[in-house]
Amino acid sequence: MLQTLKPRIRYTCGASLASLALGAAALPTAAVADVVTAQAEVSAQAQAAVLAAQAQGAALVAGRVTDENGAALPGARVLLRELGVEATTNFQGEFVLPAGTGGALTVEVEYLGSPTLTQPIDVAPAGRTPVDLVLSRGAPGEIVVTGSIVSGTARALNQQRQADNLTNIVSADDIGRFPDPNIAEALQRVPGIGVERDQGEGRYINIRGAPAEFTSVSVDGITLTSPDPGTRAIDLDTIPSDIVANLEISKTLLPWQEADSIAGAVNVVTRSPFDARGFRFSGMAGASYNQFGGGDRRASAFVSNVFGPERQFGALLSGSYSRTDRRVDNLESAWDIIDTPEGGEVFGVTENLFKDYDTRRERIAATGALEFRPAPEHRLFLRGSYARFEDDEYRNRLGILWTEGVLQPGATDATATFRNTRIEKQFRHRVQVNEIYTVTGGAEHDLGQARLDWNLGYTRSDQTYPNRNEILWRSSLRPTLSYDYADPDQPFISLFRSGEHLQEDRYAFRENTFRQNDTRNNEWSMAANLELPTNIGGADVSWRVGGRYRSRDVTADEERFRDRRASAAPTAPLSDFLSGTVSDNYDYLLGRKVSPRRAATYFEAARPQSERRMPQSITADYEASEDILGLYGSARLDLGATDIVAGLRMERTEFAGAAPTFNETTGAIGEARADSRYTSWFPNLTVRHAFTPDLIGRFALSRGINRPNFVELVPRVVENTESATVRVTSGNPALRPTMSNNADIGIEYYVRPLGVISANAFYKDLADYRYTLTRAGTYVGQPALLTRPENAPDGRIYGFELNWQQQFGFLPGLLSGFGIFANYTWTDSKIELAQPYAGRSVFPLPGQSRHMWNLSLFYERGPFNARVAYTKRSDYLDEINADDGRFDLYWEGRGQLDFTSSLQLSPNVGLFLEAKNLTNTPGVRYFGDRNRVYEYEKFGYNLFGGVRVNF
């Protein structure tokens with residue numbers, strides 16, 4: 001048994017930089033910014049031995065571990081029994097080990113989910129001896145690493161077990177067994193990760209209760225820039241999940257990781273041509289049925305090959321396309337404290353908006369890779385990725401403006417009657433396009449007894465609103481209406497009984513508005529790392545130094561026009577704009593829908609004539625640049641069962657930003673500028689201790705940073721005078737970055753034949769957390785509500801995670817196909833402001849749910865597998881109301897039930913079925929109390945089926 005062997009010298013294969021760069025899951029250290037050099041379980045003595053042997057032409061064993069289908073097995077422990085040395089395979093299943101003087105040796109391969117392989121080999125006395133190791137099927141009742149669910153779990157757990165830092169891996173096999181079309185939704189299955197949704201689809205993630213901006217996201221180690229001009233958080237719904245080989249989530253940092261990951265770092269790993277040693281093709285296509293109408297169409301494929309006389313060249317191309325047509329019903333209710341005729345106060349609804357959406361969401365993505373291995377000591381690569389997300393949306397909206405009328409006596413917190421209310425009808429056509437590009441090239445070189453790697457990268461994110469066109473009509477009827485919120489989700493509104501909103505001839509043109517936004521966020525980067533293994537006083541120490549330079553530029557341009565002149569009114573009445581399609585919103589009959597074709601004709605003619613350019617067209621623009629130089633030094637100490645990584649990172653940040661100013665009186669346009677420079681230090685200590693090969697403990701002390709969003713730093717002032725109250729939003733050039741001192745501790749037990757039981761606790765001490773505060777003041781001599789970001793001096797996030805995954809292979813017969821996947825996360829947080837507002841100075845962090853959990857039961861036997869999964873997060877704060885805590889805005893916790901199954905018809909062809917949101921769970925936001933619902937939205941369930949092929 002492995003447990004009885006003498007202590008091993010550990011060595012993680014560094015044989016393929018291309019595999020490290022293009023498949024960063026090749027190594028167990030997950031989601032690192034410098035992923036091309038990420039290594040775990042490195043023994044300085046063993047690595048020095050390999051490099052020295054290589055330099056001198058001595059004996060080496062260089063091999064690859066695969067399953068019976070030829071699929072690489074990453075994270076496998078490969079041991080030479082007689083010499084007591086071991087290696088961990090990279091993502092291509094590769095390893096290299098020093099073999100002394102060669103001769104007859106015994107190699108062992110240990111891989112969770114498969115029986116241990118023992119194989120004699122004959123090693124040449126000099127040079128590399130190639131070895132191909134195939135894990136074959138086990139005895140009856142043992143798990144075979146060829147099934148889709150089991151295979152994905154095995155790949156993930158083997159890599160997690162070998163990692164130095166706390167890491168979660170989600171393999172492509174696991175992603176494919178959940179109905180998760182984009183990266184955000186795939187990540188919701190990971191312990192400690194919650195999803196923020198838009199119209200039912202995951203967009204942003206919250207790791208361990210932290211805001212979305214606290215997580216960095218990279219593709220193949222290249223840090224992404226955000227398409228959204230208002231945040232650093234990445235819109236993960238832009239990236240489809242079917243271009244992914246692995247998702248790596250690093251919850252504790254190592255010295256060579258970039259520090260802007262307070263909550264964690266997510267690395268999206270694309271495929272490599274060296275994942276297999278020959279031609280590969282894989283494809284998927286399918287279509288869906290949606291409960292509320294419309295449908296999905298998705299297809300993806302990739303092709304790769306290695307070629308050349310020694311198969312030293314590799315090429316890969318992958319592509320993905322999806323289109324979702326969906327109808328969404330939405331009801332919004334704005335609340336406030338309203339004075340009653342009797343002299344009291346009640347909670348009252350000020351406005352209702354009934355929104356009927358017809359949306360088309362389209363995703364296109366591609367990846368490409370070229371790799372060259374001219375010699376075992378040199379690896380070169382060039383890779384790129386592209387993702388495009390287009391949201392084309394038509395919205396019919398009916399509005400009731402209650403407070404433009406007069407409140408009648410007898411109002412309560414749930415019921416009211418208003419005389420002289422206002423009714424509006426609006427149509428909007430909005431198109432949003434997000435694009436994300438990455439390109440990177442680099443190499444790894446073994447230089448005698450040192451290893452050098454370097455890379456150059458470019459990433460760009462664009463967000464464009466080609467049009468955001470609206471036309472608004474108002475009814476001349478001013479009826480007396482009532483509401484009753486006994487059911488806060490679908491309240492009674494008397495309008496839908498009396499029907500004044502259906503009198504189309506009473507509507508007249510009110511205004512048109514046109515908006516266009518263009519944002520570009522691009523970054524160049526370069527990185528280099530040098531590693532030198534040594535032995536000091538009998539202890540194996542691996543020294544590592546390196547750095548990365550990043551230079552980013554951001555430009556945001558917005559145009560806003562509004563026209564209320566009589567000349568802007570269409571020549572035709574509202575009825576001529578309407579189609580024969582009825583607009584329904586739950587049980588509310590909104591009337592006929594506006595014809596998109598007829599509206600487009602009006603917009604095309606009216607837009608060039610729209611004269612009033614709003615001030616925001618100028619003052620909402622900004623540009624910014626940010627240069628970050630990061631340097632680090634670290635040492636890794638190998639003490640047998642205990643590995644210690646200690647290091648120090650320095651990051652120098654230089655920021656400059658500018659925004660236009662506009663004087664409405666004179667029309668003069670100026671410019672306001674701001675800049676800042678600061679240096680931050682990030683000490684790091686990470687300890688991994690193997691009590692046994694399957695019982696792993698980890699402890700980490702680290703420091704992280706979250707720099708302010710660009711829009712918060714630039715001296716930008718945007719005035720909004722849509723109502724009688726002047727609202728002004730401004731940046732704060734004096735804003736400081738948020739710093740976090742982090743402590744993590746955890747224990748993991750890897751269950752044979754395949755599973756894990758783990759517990760992890762964390763604490764993050766925050767300084768200068770950013771929050772947005774709105775308060776009363778003056779602007780240009782007028783009373784105004786001023787909104788500005790500020791720093792809170794103190795804050796904290798803490799909690800724990802529990803995780804259990806297991807395939808019940810120990811059960812007899814058919815029962816051995818069952819398994820479980822379950823995790824639970826508890827978090828708490830608070831921020832303490834420098835001064836109280838409305839009697840409060842302590843708040844929870846926005847985005848933090850106290851409870852998050854996943855429960856999945858699966859079955860896999862022969863060619864059939866199925867999985868039922870439920871994911872849930874509890875309520876969380878969305879926005880803070882500084883004036884009145886009763887109007888803090890919350891998202892209600894949401895649970896979702898999903899089901900997937902597949903049937904393999906042959907080794908190359910399989911069918912699959914996915915069912916998503918079977919419970920038709922709504923998305924709900926509310927003000928302070930669940931009875932004061934602000935937004936209620938339903939998306940329906942979705943059934944998706946198709947075929948997969950693999951060659």
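Gly-103 sits in strand 6, which covers residues 103-110; strands here (E, at least two residues) and helices (H or I, at least four) are DSSP runs, numbered from the N terminus. This is a predicted model, in which local features need pLDDT of at least 70 and side-chain atom pairs count only at pLDDT 80 or more, while totals for chains, interfaces and linings use all residues. Residues are numbered from 1 along each chain as its sequence is written, and side-chain values use heavy atoms, with hydrogens and water left out.

Back to Gly-103: its relative accessibility is 23%, so it counts as partly exposed. On the scale used, buried means under 20% relative accessible area, exposed means over 50%, and partly exposed is what falls in between (1.4 Å probe, protein chains only). Leaving aside residues up to four places away in sequence, Gly-103 touches Ile-121, Asp-122 and Val-123, where a contact means heavy atoms within 4.5 Å. For Asp-122, the separation from Gly-103 is 19 residues in sequence and 5.4 Å in space, C-alpha to C-alpha.

Another glycine, Gly-63, belongs to strand 2 (residues 59-67). With 12% relative accessibility, Gly-63 counts as buried. Its contacts, again not counting residues up to four places away, are Gly-93, Glu-94, Phe-95 and Val-131. Arg-506 is another story: it is 443 residues from Gly-63 along the chain, and the two C-alpha atoms are separated by 80 Å.

As background, most residues other than glycine have a negative phi, and most peptide bonds are trans. Gln-199 has phi near 50°, a positive value in a residue other than glycine. Gln-199 is placed in the loop between strand 10 (193-198) and strand 11 (201-207), and it counts as buried at 10% relative accessibility. Arg-311, not a glycine either, has a positive phi of about 50°. The loop holding Arg-311 runs between strand 17 (294-307) and strand 18 (313-339); with a relative accessible area of 46%, Arg-311 is partly exposed. Then there is the peptide bond from Arg-752 to Pro-753, which is cis, with omega near 0°. Pro-753 is found in the loop between strand 37 (738-750) and strand 38 (755-767).

Zooming out, the chain contains ten helices and 52 strands. Its radius of gyration, taken over C-alpha atoms, is 30 Å, which agrees with the value near 30 Å for a compact globule of 951 residues, the rule being 2.2 Å times the number of residues to the power 0.38. Along the principal axes, the C-alpha atoms fill a box of roughly 95 × 60 × 50 Å. Of the 951 residues, 62% are buried. Among contacts between residues at least 6 apart in sequence, 71% join residues at least 24 apart.

As for confidence, pLDDT (the predictor's confidence in each residue, from 0 to 100) has a chain mean of 87, and 91% of residues reach 70 or more. Over residues 1-45 it stays under 50, although the model has 210 contacts beyond four places in sequence for this stretch. Residues 138-147 are also below 50, and beyond near neighbours in sequence they have 28 contacts in the model. Where pLDDT is low, the predicted coordinates should not be read in detail.
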